[in-house]
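Q: Could you take a close look at one part of this structure for me, the place where the two chains meet? I'd like it in one go, please.

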Amino acid sequence: MKPLYIIAILSCWLTACSKDAIDQYGDRSFIYLVNAGTDTSAVKPIEYSFAFHPGEEKDTIPVLVKLIGKLTDQDRAISLVVDASATTALASDYQLPATIRLRGHKAVDTIDLILHKSDRLKTGKLKIRLALQANDIFQLGPPANRYIDITFSDMIARPGWWTSVVETNFLAKYSDAKYRLFIEATGIADMTDLSESEQRAYAIIFRDFLARGRENGEVYEDENGQINVSPNLF
Amino acid sequence: MKKISLYSLISLLFLLATSCYKGKGNYSYDELNKVTILFKDGAFISPRVSDTLNIDPKLIYKGDTILASTATETFSFTWYCNDKQIATGPILHYAVRDLTGIRPYLKLKLVNKKDESVFLAGITVDAIPAYLTGWVVLTKKDNRSIISFIDPLTYEVTADFYTTMSGEELGPHAIEVKEHWMAGAGLSNPGNLLIVRNDAAGNLELDGNDLKPIYKTNNFFLGNATPDDFRPAGEFYMWDYSMMLDDNGNIYTRKHVNNAFSQSGVYPNKPMFIPGGVKFDRGWAGTYLSGQTVLYDKTKGKLFLGSDRGLVLPVSYMPGPPIPPGTTLIDAMDKELVYVGALKQGRFTSSYYLVFSNGTNHFVQKIMAIDQFYTVQAVFFYETGFGSGTANAQSIFCQLPRIDNYMFYSGGSGNKTLYLYEHGAARSSEYYSFDSPVKTISVNQNMVMGVQTHDQLMVGLENGDVYILGVLSDEMADPAKRLKKKIVLDKGVPVSSMYKMGFGFNQMM
């Protein structure tokens, strides 16, 4: 009996080793979401605040999609949908292109998501989850790159660069109202990588903005009283 | 056995006794004469780089003082620079620029040919760079700005040096040359040369030693972006701060991150806010020590002070008894401010002569500006009319910064005469006459290591000639001694001129 068992097991092994058919490269195309064209890692959520863009009533968020597969001459449709179960924004808060596609000859393409400013954004953040779906043309790429969350608001918060040093030497005590004015005066919201001299120069521009405005009758106040820069700023 | 020991002891004693036998002292000795080597200017000399050393040291030998050049039979001479042999012979004839090392040490090795005795002495050479001190003239010719250097001793002209050295043109709009010292770089460092250009390309800074370009001040604006419609009209350095004035009347102020560097820190690229819509027409640098800049709003007729804390503040008179009627008020001028001459005084407090013109007559007012951090007040001394019949709309003024009493100005027919105005006596007198209109006057009140060398004036004429005039007491007393040198520069019409004082300590004295 023993030889029969051995023959049977070997037969199973042999049949188990039958060759899989392997697709040629480019036979199938995959699509996935990225934060930058060179990214290969999981897509990260996007945060946006209208507070950093004074005067804007709507703004465009570029959502990047990336191809695995062969480039083609023709545009190809992508299925990108709003996942209602994970979205708090109303349809009136945003706008996607009527047709979403990967343009010919492009391995990375941009889908314009237009965000609309509203009063609701001053008090709360809204979220949109955009999710890719497989279609006849594209299969889905890595699981971690199949959807992206875009959170947006018109809210502002103390940034990390507004340290105690910046407070003492340049901008004094933080308030949301002061930060908004600072952005309006200087056109920048982020001083993270700036030198001390550059931070000082922006603080001087802000100081003069306040003084110039006050001379024209503007009132700048926050919960701390008059909005001013640090008395140590010279 | 005992006898053997005894005999041995006796033999040893005998040997010892013979070894102590006295010498007769009949050797022949030569006296060794020490030689002291003396250098004429001591152990430290400061020739100019362009000079050639010609050193014939003195030797004190056998009680006599002789020149090395007369002792070649007795001694051999070898010269070293930083231990490398550079010459043999009693006199060192050697070009300074060929010496090696930053502060070369020259050593003379002297060998007595008779007894081979060797003597050494040395001097340190601290060479003065070719362009450390001298006159600098900015001229305009054929739509070109040309900058030339004039040696203060030989009057040798290095013409158009910026274009020669950099291979670039200054452009047609250079308006001023001035010396710029770094507050934290030490007083033994030379001041750099700043060229103010009323041009979108901005100002240039040249190295104080070799006059090579080192900075473009446009690169020191926030984000490397100059303000809109920006063309400099002046730049002023005050210890830790500097101020840029543009031809729209705006001021930009920056703090130097490291004041050991001549350019550090960034200017904001938006104009500084000055209350009341103030715009400045002109600025005059105060002295280095004062840390002040005088700014003038012609439209409002007001005087302002830029401080070395980056502030620009209006200047008002000290409160007290009324300013005499008829005085030109610095906070409500009814005449045009045409010149400000600074006196070298202290930090935060410095005096100025303000020259006003009503179109016909000129007036000079002396004030002392006191920077009180958040306010600036001025002590009023006096105001008096001057230059009646001599000063005119083309007059150029030059107050001596270290001698309060003297202010020179041009005037007379065709603006071809230089006058000396003495504040104390309120008296004008003709100092020198030229054959072409005066365009620039600058002064050198120079002291090197506390020694007054040559106070002089340079007068630049429209025809391109430059005159160096003496202003020391004997030269003031005797008109025949006033002309030191006439230089036919021939590089166009002078626009601005200065004396480059060199080391920082020169302008502190």
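A: Here's a walk through the interface of chain A and chain B.

Keep in mind that this is a predicted model, where local features need pLDDT of at least 70, side-chain atom pairs count only at pLDDT 80 or more, and totals for chains, interfaces and linings use all residues. Residues are numbered from 1 along each chain as its sequence is written, chains are lettered from A and ligands numbered from 1 in the order written, and side-chain values use heavy atoms, with hydrogens and water left out.

Contact here means heavy atoms within 4.5 Å, and on that basis 16 residues of chain A touch 21 residues of chain B. The two chains bury about 1400 Å² between them, 62% of it on carbon and sulfur atoms; that's the accessible area (1.4 Å probe) lost on putting the two parts together, summed over both.

What about polar links? The rule finds six residue pairs in polar contact across the interface, both residues at pLDDT 80 or more. A polar contact is a pair of N or O atoms within 3.5 Å; within protein, one must be able to donate a hydrogen and the other to accept it, and residues adjacent in sequence count only if both atoms are side-chain atoms.

Over all chains, though, the count is 27.

Notes
Salt bridge = Lys/Arg side-chain N within 4 Å of Asp/Glu carboxyl O.
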